[in-house]
Amino acid sequence: MTVEGAECGLESLLALENIPEKDLKILDLQPPDIVAAWQRGDIDASYVWQPNLSKLQKDGGTVLISSADLAKKGIITADLGVVRTEFAGQYPDVVKRYIAVLDEAVKTYRSDPENAIKALAKELNITPEETAAAVKELIWLDSSEQRSPKYLGTTDNPGDFARILKESADFAVSQKKITSAPDLATFQKSLLTKAL
């Protein structure tokens, strides 16, 4: 998840719960800076993800709401890979290999979670136990599953994710974060929904 995705999730939650942003001081910090600010006592709360979430919890933090909880309220957060259309057109094999590596990671996690967690723990520099807890918070989809109607859909049958992106963009407009948002068709056309 990007910092912008976390900010949108937080702002959406505040709006849903009728908590005025003016009543809070919201800081846009990178995750490691969030941990440092928390440890100094400079902040009272944060919207952050692993591995930094575990660091806050070790230092007395408590999870008030998760992205899974937000999803049940219709506020979706996701990790996205973004590539320019021109790049994808010029280097389709690079895009295909990138997707294949992601698919391999999902399949490895599913077939050998213990070793996948050990490798991921090393990469994230947290314990395997923390990593195991973190990966349970995620939905692991390979590229074929991402083409389901619930997510990206197909070229002929766009999925729900384009609508979610459109709603997020419209929300950003309402919060004066951006000046305008593309129409739904633009989001639908921009998603890679065909098999490479």
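A: Happy to walk through it with you. Lys 58 sits in helix H3, which covers residues 52-58. Please keep in mind that this is a predicted model. With a relative accessible area of 63%, Lys 58 is exposed, because anything over 50% counts as exposed. For a sense of where Lys 58 lies relative to another part of the chain, take Leu 16: the two are 42 residues apart in sequence, and their C-alpha atoms are separated by 29 Å.

Before moving on, a word about confidence. The average pLDDT of the protein chain is 86, and 94% of the residues score at least 70. Among the elements, helix H1 (residues 3-16) has the lowest mean pLDDT, 71, while H2 has the highest, 95. Where pLDDT is low, the predicted coordinates should not be read in detail.

After H2 comes Gly 41, a residue with a positive phi, near 80°.

Now for the aromatic residues. The structure holds two aromatic pairs. In one of them, the ring centres of Phe 87 and Tyr 91 are 4.9 Å apart and the planes meet at 45°, so this pair is tilted. Phe 87, with a relative accessible area of 36%, is partly exposed, and Tyr 91 is partly exposed too, at 37%. The other pair joins Tyr 109 and Trp 140, and these rings are stacked, with 4.2 Å from centre to centre and 20° between the planes. Tyr 109 belongs to helix H6 (residues 92-111), whereas Trp 140 is in the loop between helix H8 (128-135) and helix H9 (143-146); at 31 residues apart, the pair links distant parts of the chain. Tyr 109 is buried, with a relative accessible area of 18%, while Trp 140, at 23%, counts as partly exposed.

Phe 87 lies in helix H5, residues 85-90. Together with Val 83, Tyr 91 and Val 94, Phe 87 makes a nonpolar surface patch of about 310 Å². So if you have Phe 87 and Tyr 91 on screen as a tilted pair, you are also looking at two members of that patch.

Finally, the charged residues. Side chains of opposite charge can pair when their charged atoms come close. Here the count comes to ten salt bridges. One of them is formed by Arg 110 and Glu 145, with the closest N and O atoms 2.7 Å apart. Arg 110 is in helix H6 and Glu 145 in helix H9, 35 residues apart, and this pair links distant parts of the chain. Both partners are partly exposed: Arg 110 has a relative accessible area of 41%, and Glu 145 has 28%. Asp 142 joins Arg 110 and Glu 145 in a network of salt bridges.

Arg 163 and Glu 167 meet in one, at 2.9 Å from N to O. These two residues of H10 are four residues apart, about one turn of the helix. Arg 163 is partly exposed at 36%, and Glu 167 is partly exposed at 40%. Asp 170 and Lys 166 also form a salt bridge, with the closest N and O atoms 2.8 Å apart. Because Asp 170 and Lys 166 are four residues apart in helix H10, about one helical turn separates them. In this pair Asp 170 is partly exposed, with a relative accessible area of 34%, but Lys 166 is buried, at 18%.

Conventions:
Residues are numbered from 1 along each chain as its sequence is written. Side-chain values use heavy atoms; hydrogens and water are left out. Patches are made of residues with over 30% relative accessible area and no salt bridge: like charges are joined within 9 Å, nonpolar side chains (Val, Leu, Ile, Met, Phe, Trp, Tyr) within 5 Å. Accessible areas come from the Shrake-Rupley method with a 1.4 Å probe; for residues, only the protein chains shown count as cover. A salt bridge is a side-chain nitrogen of Lys or Arg within 4 Å of a carboxyl oxygen of Asp or Glu. Rings of Phe, Tyr and Trp (its six-membered ring) pair if their centres lie within 6.5 Å; planes under 30 degrees apart count as stacked, over 60 as edge-to-face and the rest as tilted. Buried means under 20% relative accessible area, exposed over 50%, partly exposed in between (1.4 Å probe, protein chains only). pLDDT is the predictor's confidence in each residue, from 0 to 100.
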